[in-house]
Amino acid sequence: MVMKASSFSENRSFGCLERERARGRSGCPSASLDFSHDSLRGLPSSGHPTLMVSQLLLLLLLLLPQAPVQLLFQLEDACKWGVVLNKYDTLGEGSERFFFQEPISDVDEFFNKMEDSPTDKTQMNKGFPYFMKINFTCPGENSEALLRGGHLKGLVPIVLVTFYAPVNFRRWKSERLQIQMEGAPYRSHVSCTAEEACIMDWYTPMPMKNGSVVMEVEISSNQLGELIGNARYMININGFLKKHRDQLIFTLGHEVNMIDRDFINSPSRPVWATVGQAPVLILGGIPHEKMILISDSSFQKDISLVELNIDSCWLGSLHCPQEEFTASIFDTISTESILFIRQNQLVYYFTGNYFHGTGTGSSTSNWVRVLRSRCIKKLCPVELHSNGSEYILALAGGSEEGIFHFGTITDGKVRFRRMPNMRSMCDIRTVISCWLHWVVYKAEDHTFLLLMEFDEITVDGTHFQVLQYSPRRKGSYLDSVSLLFEIPSFVPLGDEKDFVMVLGVEEYTDYPLVPRGLFYNPFSHLLFIWGNAILQSFDDKNYIYLSGFPKESSIKYMASSYKGQVVCVTEKEEIWIIFEGSFNVYRLYPSDGWDILFTLSQMQASSLYSINETSVSIFYDSMGLQQLVYMINSEGEGKLVKRHVPVNQILVYQLLSLTTYEITIDSGPATLSYNNPCPFKLMQLKYLPNPQRFTRLERYRAQAPFVNSVSGFHTKISLAIYQGLVYHLLWLHAKYNKPYADPVHDPTWRWWKDKQQDKAFYFYKASNFQTKFGVYINMDSYGKLYNQKAMNFLPEYIYLDKGTIYSFSIFLVFTKTSWESTFLDTKKHLRLAVILSHPWCVSATVNENYLINRNAMLFEVSVKDKLRCFDQSISGHNLKKTALFIKVVGSAGKCFLRTRYGYRMQGNDMIPMFIGCPPGKRLAFDITLTLQHNKETNKRYFDCVYPDPEMPCFLFSDPFSPFFLIQDMVTGESGSFNGSYVLKVIGGGTSLENIVDYSEADIFRYNSPKDNTTSLIWIVRENWTDSQSFSILNRNSSGIEWLCLKNSPCHDIIPKYIFSPDFFFKIMVSNRGVDTSTYCDYQLIFILHVHGLPLSNRRALLFLWVTIAVQVAFIFLYISCCFFWPVLKQWWSHFKWKVSDIIMAESFSTYSSSSSSLHSTASIKGSEIQNAGREARSFRKSKPKKRI
């Protein structure tokens, strides 16, 4: 005999001892000998009877069989990590807001004084402006004592900072980057009796990355000391703050205090923002006030209420009628750098101060009104960015009904475009009147989905339609509008059914179907029509009605995680959730599961739930489904609280109320067993590949430098050095874009390559306490991590290149052990479904393996790109979105895994995928292999006269055979590029300073083999093909032969010195359109130095004649010198003798006239001299002649 029951619930409470054991402590300070606090209503308050009852209940629970779902109640972790920002000058004091974005240079003075350390003192060292101050708290415990105890036990927080990629990938590098750091313990300046008793915290630098304004910080433990769960925070840059008189104020308004009437009993409203890109979130809807809530931490902390500086208010007009005037801010949308609001029919935007440079929009000091003289009734968000821009939709009303304005935001600049271009939708459809209720933008094909309501003459009453609008494109003169779906006028009849196919032949209720909006997920290609019913479609044309949603409720907004979950909020503040790919709709609030959750929270005295609270908003962020509530505590104080909505835990509580059990009475004793609604007993993922290859997450590691301190505490100087090391590490990453590949493919290789040989010496100095400032820098503590292992869960998303295969296995254990019920009817009881949102782009295969001895099955799943849906693009640009659904049939909402951090749903997963060229791949010039090959081929190598190790030279007369590398910045792999490519010389000059870029016409003349203007610079004689008049090369092509013909820029270069002329070529290598092995459009531009260029024939002949002439002149001069030298020598002797005679004669005459008293004597001497002169002349005349 079998007795069945359908109601079962379990309420198990854990004592203090169990909580303390989970936290790693043996004591229980909160325990008391008085057991009166354990008494419940109806039970005696004395200690012993209550203890006996508790023991009996515990014994009964132990004797009962295991429930199908194990209960876990943990709204809040026992201990929590906390983090705030501090500046270097105020370490340990208060907290700072993240608004200063410039690096600081205060750390350079310390690096310059660090001798006997591996740092580079010739380089300017900088640091980031903020530190992260990290600590943890436990309820009911002394936080200071806990921090000291954790430090003495070896506890160190591990901080992982994830930089979200910027929107504009044309300006900033498209990459996904993480850096992992360790907290450095630092004592506060508060006086203390002993060093070990001082107040302390852990500190790490707060890094920044160019272009990234959104950063996620995850704090975990090193598994020593206290057991603390991981914590995640959003720490974003707030560009809407400024410094005013040593105080931070908002630039868009002034901050005001929150009061209860602004939130109590007010309806909730959506948080609209660009997913993962908006650093600041805003929320309007404050009744009759031009105020908004603003937060730079995803409403986790630092929530401010700001009254906006808006002066104008439009009361309405004939062409823009207004039912009611109010100062409230209705629609608010946050983007990467701009905030949008709508007040009545006016639209404003405010630009924040974020990394603005040349060609970008500057920050504004006031709200800027846009779409002037337009009647705007609603703003619709575009939550996913694409093509390097963000978007916003503004729906017009009044006399402009049927028109919407499409806004594009790029680098802080906003541009709106009216759509349709010429006529409104009412004029296009030729109806009496129409109303545009919602617009969805589909970026993949640049079309718009419109929810329209029409009033036609031929139709009784109004009806709703979903239209597709395609704007006018290049080469087309008309825009187009097509009908996708005619929405039924009444709600379909779906009693006792999960869904109903809307084909027009099904039965309908007499309840009108009133749609209010659309939602589209580009990953799953799923479109929802929501209102007082939910219709979903995978192709925009065929729809399914989800009958689980009551027609009496009306949805006012939807929010999505874009990872398989969609939440709906109704006018009555009901919360419903949909798991994409299934047909069930689950109500989270109000529900039995929510009531159990709330009751347990009150028993635990949780600060996250209150009897008097008002829901402000429901939204998704990177941590899951969140709810912003305004609650009033028992003292009457109100505050805004953001709390995680435990969806899985609520569903578990609801599942317990639906779990049935059986009591079997046979010949033996009665047996109690539960019927597990989950089709499997255990699910595990096996053989997952290493995640980095598919998730494209780059990760760096930076540990705090060692300090010579007995207690291990750091100083301000050591923290400043830590700041400079982290800054330099990220600087090396940002600068690692050299076209010439390094011998070692790692951005940090050049940092330590000249210091590794002295590593032992640095360690010796540090171990003997001889380092400057007592700081030792371990070079192995700073680098890039390439060997991350797969965890036991699927990645959040994956990237697929051309033909890439992603495979894994799913291990399922059956709930029943009977062989007949397990393997003879396997397809009935256990089936795995793999659903592709774009099956024409991606294929999937599933192989089943029966493990009879383990009562299990192993499903091998493989996903492969079909090589069809993408052309070529630069790394990380314009990726196509798609998704893979993995479902165990019958497991949605019924299978959960209990973990330390809560429940996790199993058997229902979605993996978003990106098809295209993954981020983190680049093409580099393999200078090492190129030099080696040229030496072997040409049997020689002549470098420049003045060699440059960073840019070796190549001889003009030798064939040039370039080789290239494909470098993966994520996995660290570097391999030869074996695809085809096109090489072009796009610029050049005789020096690096005067390189000029060539025009398109010049590039064709200098590089195309079909050029007939004698302008070619180079040519390949063999093993090449033609593509658009350019040579297609590959790894096996013959070497490039340099020509530099008559009309080329490298022809007839005049040498500056006695050496042969050289030239610097600016070369671009691209595989676009010629390489079919990858989706990546590799583009590499590098400078090639070529020397030994020949002269032109004319100039060479001129130089030859000049050289001959100079040589002939020298020969003639030599011969002339040899022939005329004796004569010249004799003439020179005669000339010198004549000069001597003249000098002597002049000297005699001067002496003879000097004195009259010696006249006689002078006369005698003069006669003697004359006689001597005559004798000399006669002697010369009588000199015999030489014989011939």
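**Exercise 1. A salt-bridge network**

Is Glu950 buried, partly exposed or exposed, and what is its relative accessible area? Then place Glu950 in its salt bridge and in the network to which it belongs.

*Solution.* The model is a predicted one.

Step 1. Glu950 has a relative accessible area of 40%. Buried means under 20% and exposed means over 50%, so Glu950 is partly exposed.

Step 2. The salt-bridge partner of Glu950 is Arg750, and the closest N and O atoms of the two are 3.3 Å apart. Glu950 sits in the loop between helix 14 (927-938) and strand 60 (953-955), while Arg750 belongs to helix 10 (residues 749-752), so the pair ties together parts that are 200 residues apart in sequence.

Step 3. Arg750 is partly exposed, at 32% relative accessibility.

Step 4. The network of salt bridges links Lys738, Asp742, Arg750 and Glu950.

**Exercise 2. Two further salt bridges**

Find the salt-bridge partner of Arg342 and that of Arg374, and decide for each residue whether it is buried or partly exposed.

*Solution.* 

Step 1. The structure holds 32 salt bridges. One of them joins Arg342 to Asp331, with the closest N and O atoms 2.8 Å apart. This pair links distant parts of the chain: Arg342 is in strand 18 (residues 338-343) and Asp331 in strand 17 (residues 331-334), eleven residues apart.

Step 2. Arg342 has a relative accessible area of 9% and is buried. Asp331 is buried as well, with a value of 10%.

Step 3. Arg374 pairs with Glu400, and here the closest N and O atoms are 2.9 Å apart. Arg374 lies in the loop between strand 20 (368-370) and strand 21 (376-381), and Glu400 in the loop between strand 22 (390-396) and strand 23 (404-410); the two residues are 26 residues apart.

Step 4. Arg374 counts as partly exposed at 30% relative accessibility, whereas Glu400 is buried at 13%.

**Exercise 3. Disulfides**

How many disulfides does the structure hold?

*Solution.* 

Step 1. There are eight disulfides in the structure. Cys320 is in the loop between strand 16 (303-308) and strand 17, and Cys375 in the loop between strand 20 and strand 21, 55 residues apart. Cys320 is buried at 0% relative accessibility, and Cys375 is buried at 2%.

Step 2. Cys944 and Cys953 are both buried.

Step 3. Cys1122 is partly exposed, at 47% relative accessibility.

**Exercise 4. Strand 69 and its partners**

Which strands pair with strand 69, and in which sense? Why is strand 69 described as largely enclosed?

*Solution.* 

Step 1. Strand 63 (residues 981-989) pairs with strand 69 in the antiparallel sense over seven bridges. Within this pairing, Val982 has Ser1070 of strand 69 as its bridge partner.

Step 2. Strand 70 (residues 1083-1091) also pairs with strand 69 in the antiparallel sense, over nine bridges. Met1068 stands opposite Ile1085 of strand 70.

Step 3. Strand 69 covers residues 1062-1070, and seven of its nine residues are buried, so the rest of the structure largely encloses it.

**Exercise 5. Helix 4**

List the buried residues of helix 4, name the strands they pack against, and describe the two ends of the helix.

*Solution.* 

Step 1. In helix 4 (residues 143-152), the buried residues are Leu146, Leu147, Arg148, Gly150 and His151. They pack against strand 3 (131-137), strand 6 (184-187) and strand 7 (200-205).

Step 2. At the start of helix 4, a side-chain oxygen of Asn142 comes to within 3.1 Å of the backbone nitrogen of Glu144. Just after the helix, Gly154 has a positive phi of about 100 degrees.

How values were computed
Residues are numbered from 1 along each chain as its sequence is written. This is a predicted model: local features need pLDDT of at least 70, side-chain atom pairs count only at pLDDT 80 or more; totals for chains, interfaces and linings use all residues. Side-chain values use heavy atoms; hydrogens and water are left out. Buried means under 20% relative accessible area, exposed over 50%, partly exposed in between (1.4 Å probe, protein chains only). Helices (H or I, at least four residues) and strands (E, at least two) are DSSP runs, numbered from the N terminus. Two strands pair if DSSP finds at least two bridges between them. A salt bridge is a side-chain nitrogen of Lys or Arg within 4 Å of a carboxyl oxygen of Asp or Glu. Contact means heavy atoms within 4.5 Å. A polar contact is a pair of N or O atoms within 3.5 Å; within protein, one must be able to donate a hydrogen and the other to accept it, and residues adjacent in sequence count only if both atoms are side-chain atoms. A disulfide is a pair of cysteine sulfur atoms within 2.5 Å.
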